[in-house]
Amino acid sequence: MNPPDRTLLVRNATVLVTMDGARREIAGGGLFARNGIIEAVGPSETLPTTADRILDLDGHVVLPGLVNCHHHLDQTLTRNLPVAQNVNLFRWLTAHYRRWAARTPEASRTATLAGLAELALTGCTTCFDHAYVFRNGCTVDDQIAAAREIGLRFMVSRGSMSLGQSRGGLPPDDCVEREDDILADSERVIARYHDAAPGSLLQIALAPCSPFSVTPELMRDSAALARAKGVRLHTHLAETIDEERFTLARFGKRPVAYMEELGWLGDDVWFAHAVHVNAHEIGCFASAGVGVCHCPSSNMRLASGIAPVKAYRRAGVKVGLGVDGSASNDGNNMLGEARQALLLARLQISLRPPEGPDTTLSTSDPARDAEWMTAREALELATLGGAAVLGRSDIGALEVGKCADFFALRLDDVAFAGGLSDPVAAALFCTPGRAAFTVVHGRPIVAHGEVVTIDLAAVVAEHNQHAARLAALSE
């Protein structure tokens, strides 16, 4: 016997932001969904009047669920380590590798739950996680089980590191894996978990970690396997000048050219960071259909640089946003990340070349108005942009046929006081706190400002015990 249909009605939102083709923002808006899929969006009076679950969101702004397309949830275990607070990427990684390798499956579960809970409380409904350290009994399965517990839409990588220090890589040899083992487990994980169907709550990607932690052979073999199995490809790229120096010294090429040589420029690929690129490389991304995940908070914390997001968008490159690892951000705030992207893009237009635009005009000149990132552009990066980067046409907007993924913010929150002349832009400019509701596939994960699918207090208490053990370890 088939289960009965489950219906959801959202009504009376002060404003409902659709992010549809017309970018409608509907006063008094709502939506109706059946089994997690939207069947109607519009003014509340045009919608059905009954449903299994009704959310009356008078006094709220409702937005499409945010899409986080680059994260390292296990790093929630190693936030704010004193030894890694004031260093750049390579020294930061060196301080963390062995701690990450020492985590247990139980620690990985609590890190995944804590990180996803924090994301859900800030409007995130879809998270991609780049897991790449698998030692001490840990597997991708640990994170998948935890994501199912809390209920977020999840995409996770069977990532990898194979190039240890003895072979010229950055990670210690005891933190990397054999390439045959990596590929065999990659095939296992895809076969067991990947769901390519519309509305999927779980997908797999293959993600060798970086040019300085995997071999060219593993990059090529991972790409071949991913394409044979129909899953996407991901890696860190062009994050720092140190990485550029590494690829030039080892391969005689800049990072983007190295990826091109390996067959890694394609519309099934997205790169994290992509900070240090030139105009030619941006054009290569655009022509190949490559996506980019911008991680502004991490790039600032590690002094990596500012990604040319506006230049990417002008060229037609798909751009989404990522919180990145909790130990290079120390938070899992997806709405805050969208705000950070807005502010960092504005900072960039005041800089001199090569970081800023090649112009002598003041930022006060009206001729430069198009250079300013708007709040709605930043929200687009965090919704439609992330969906495009992950290859998903079923999320990122509130329209008929898409998944019922959304979040709501209370407009009577003190953070909005005085800012209600434009409540949509206020979602970024006014730094609101927790989401009042976060709904994934028609199911509330956050209700009235609290996570309702797990016992979060118990998770945090256990998580802090695991984190204390890792913090006490030496490098």
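Predicted model: local features only at pLDDT ≥ 70, side-chain atom pairs only at ≥ 80, totals over all residues.
**Aromatic pairs**

Let's stay with the rings for a moment. Searching the whole structure turns up 10 aromatic pairs. Two of them are set out here:

| Pair | Centre to centre | Angle between planes | Geometry |
|---|---|---|---|
| Trp100 and Tyr132 | 6.4 Å | 90 degrees | edge-to-face |
| Phe128 and Trp270 | 4.8 Å | 75 degrees | edge-to-face |

Trp100 sits in helix 1 and Tyr132 in the loop between strand 7 and helix 3, so this pair ties together parts 32 residues apart in sequence. Trp100 is buried at 4% relative accessibility, and Tyr132 is buried too, at 6%. Phe128 belongs to strand 7 and Trp270 to strand 11, so their pair bridges 142 residues of sequence. Elsewhere, ring pairs join Phe90, Phe212, Phe246, Phe251 and Tyr258 into a cluster.

Domain 1 brings 36 residues to the contact and domain 2 brings 30. Together they bury about 2600 Å², 67% of it on carbon and sulfur atoms. On the domain 1 side, Met19, Leu428 and Phe429 supply 24% of the buried area, more than any other three residues.

There's a polar side as well: 11 residue pairs are in polar contact between the two domains, and 4 salt bridges cross the interface. As for which element of domain 1 gives the largest share of the side touching domain 2, that's helix 13, with 5 residues.

Methods: Residues numbered from 1 in each chain as written. Heavy atoms only, no water. Phe/Tyr/Trp six-rings, centres within 6.5 Å; stacked < 30°, edge-to-face > 60°. Helix = DSSP H or I, 4+ residues; strand = E, 2+ residues; numbered from the N terminus. Buried < 20%, exposed > 50% of the residue type's maximum accessible area, 1.4 Å probe, protein only. Contact = heavy atoms within 4.5 Å. Buried area = accessible area lost by both parts, 1.4 Å probe. Salt bridge = Lys/Arg side-chain N within 4 Å of Asp/Glu carboxyl O. Polar contact = N/O pair within 3.5 Å; in protein donor to acceptor, adjacent residues only side chain to side chain.
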